[in-house]
Amino acid sequence: MMPTYRQAGRTAKALSAAVLASALLLAACDSGADGGEQSPDGKITLNLMTQSSPLAPADPNDKLINKRLEETTGIHINWKNYTRDIFVEKRNLAMASGDFPDAIFDAGYSDYELLKLAKDGAIIPLNDLIERHMPNFRKVLEEAPEYRAMITAPDGNIYAFPWIEELGTGKERIQAVDAVPWINVDWLKKLGLEMPTTTEELKQVLIAFKTRDPNGNGQADEIPLSFINKPGAEDVVFLFGAFGLGENPDHAVVTNEGKVVFTPAEEGYKNAVKYIHELYKEGLIDVEAYTQDWSTYIAKGKDHKYGLYFAWDKSNVTGDNGSYEVMPPLAGPDGEINVTQTNAYGFHRGKMVITSANKNLEATAKWVDQMYDPLQSVQNNWGTYGDETQQNIFEFDAENNMLKHLPLNGTAPIELREKTSIGGPLAILDSYYGKYTTKPDDAKERLRIVKEVMAPHMKADHAMPSIFNSIEELERLTTIETDLFAYVLRMRTEWYQNGKIDEQWDDYLKELERLGLPEWLKIKQTGYDRAMQK
Ligand code: CA
């Protein structure tokens, strides 16, 4: 479970680093006996494996959400809970040994793992259970039918219950832009400069940051431009949109004609790389951009050394203050503005599986179905209300049947969420806001930025949907991407610094072919076409 708005949330990473020490001290909690014994009052007992944050109670039944669930469902859960750092290893060991739990909650399986387990008969198809015993989940799939296509494997089976967290939809979804450009407006003001609107103006602004001592300490210690040179929310490729289709961490965009394009083989990409080289030549790029990790990046950010940098949320880097603001997308040399969407969604396919050892399928399905009740989903994702022993994320408005976010009063939202939520399979649709719950404060500003600043300039109507490839396709994609993506990153980095992209471009295109680009494109296009048919 990662109660954040992107699959690889920086906040979550920073937090896990902070709690690593305590994580190491906490042994895995084996909170119940093995076997499916009945509790004294004759309740059905299910054996579930799960994971949780080291901040959370070692026994998930100590969480208020689970106490209430046991009361309302009449099902006792015998948890085998592992802290996140060891969960994957323990999960894999159990599934390899044949000592299966009844189900794995918050399983975190990749598509490849799901299909492998299904092929081995270790997990079971869920289609019938969904149709017969899961009205809440069916209601979600009726309201948002695209998810039915997304959770269905190429063989027609559904092998796992998904996690769905919508915040905005389509172009305006919170994940549509990961790397937001944050510019130092204190420095703009100090130097009497306007917010840049073109790539050329940005270059002039960065030169001024470098040469005119905007922090006023008499030293040329400003870093005009910083980023972390790899695919992700700290990458510089947001600027590539000004030169054409742009770039995203998957190197894949889909045109409005439905054609899948590999971005690093495009002419616009070439021009964008040349532009970054121009900035490099002027000495505007952080010398650590190619080597730095997150902690180095935020250390300089906290000192307000940057003129322009990229991040999901500025509060993680330069703090929650007015010194940095979003730089709106720039016009390129031909006057075009474009914002490239990521292919990320608040969606994960493999959040819960039922194993072939499960002897209580109907009871299990009915229990899981409760997770897709809107008010339950909201709590499972973010935390609960009415806990008299600790701070609450929500208050419950009984009159309106609605969970309202409470002020955090300085508590880190992710910390409180990790302590009190249970994660796992759930669905929060965009339509729930204002009906069943309110939007979390830390999402509101990002949603505003995506909607007002970015989405109006997105030329592509759609991102790549989350495609469920076959096991054979996944094997080929993984093999090809390992070399192809590494080569693209290496060449891009060399060209930023040596500027030899024109001379080397034709050889580069040939090497992309040799590394399997045509097959990669074919698999991606086939998957996309299949998804569109569904
Ligand atoms: Ca200075």
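**View A. The outward face of helix 4.** Leu93, Ala96 and Ser97 are exposed, and they sit on the face of helix 4 turned away from its buried side. The model shown here is predicted.

**View B. The buried side of helix 4.** Four residues of helix 4 are buried: Phe87, Arg91, Ala94 and Met95. They cover an arc of only 90° around the axis, so they lie on the same side of helix 4. What do the buried residues of helix 4 pack against? Their partners are strand 2 (44-52), strand 3 (75-83), strand 4 (103-109) and helix 5 (111-119).

**View C. Helix 4 from end to end.** Helix 4 has 14 residues, 84-97. At 1.5 Å a residue, helix 4 should span 20 Å. The C-alpha atoms at its ends are 20 Å apart, which agrees. Glycine 98 follows helix 4. The phi of glycine 98 is positive, near 85°.

**View D. The protein donors of the calcium ion.** The donors are Asp213 (OD), Asn215 (OD1), Asn217 (OD1), Gln219 (O), Asp221 (OD), Glu222 (OE) and Glu222 (OE). They lie 2.2 to 2.9 Å from the calcium ion. Along the chain, the donors follow the spacing D-x1-N-x1-N-x1-Q-x1-D-E.

View E. Asn215 and Asp221 are both among the protein donors of the calcium ion. Is aspartate 221 buried or exposed? Aspartate 221 is buried, because its relative accessible area is 17% and buried means under 20%. Asparagine 215 is partly exposed, with a relative accessible area of 32%.

How values were computed: Residues numbered from 1 in each chain as written. Predicted model: local features only at pLDDT ≥ 70, side-chain atom pairs only at ≥ 80, totals over all residues. Heavy atoms only, no water. Helix = DSSP H or I, 4+ residues; strand = E, 2+ residues; numbered from the N terminus. Expected span 1.5 Å × (residues − 1). Buried < 20%, exposed > 50% of the residue type's maximum accessible area, 1.4 Å probe, protein only. Arc of directions from axis to C-beta. Contact = heavy atoms within 4.5 Å. Donors = N, O, S within 2.8 Å, 3.2 Å for Na, K, Ca; no water.
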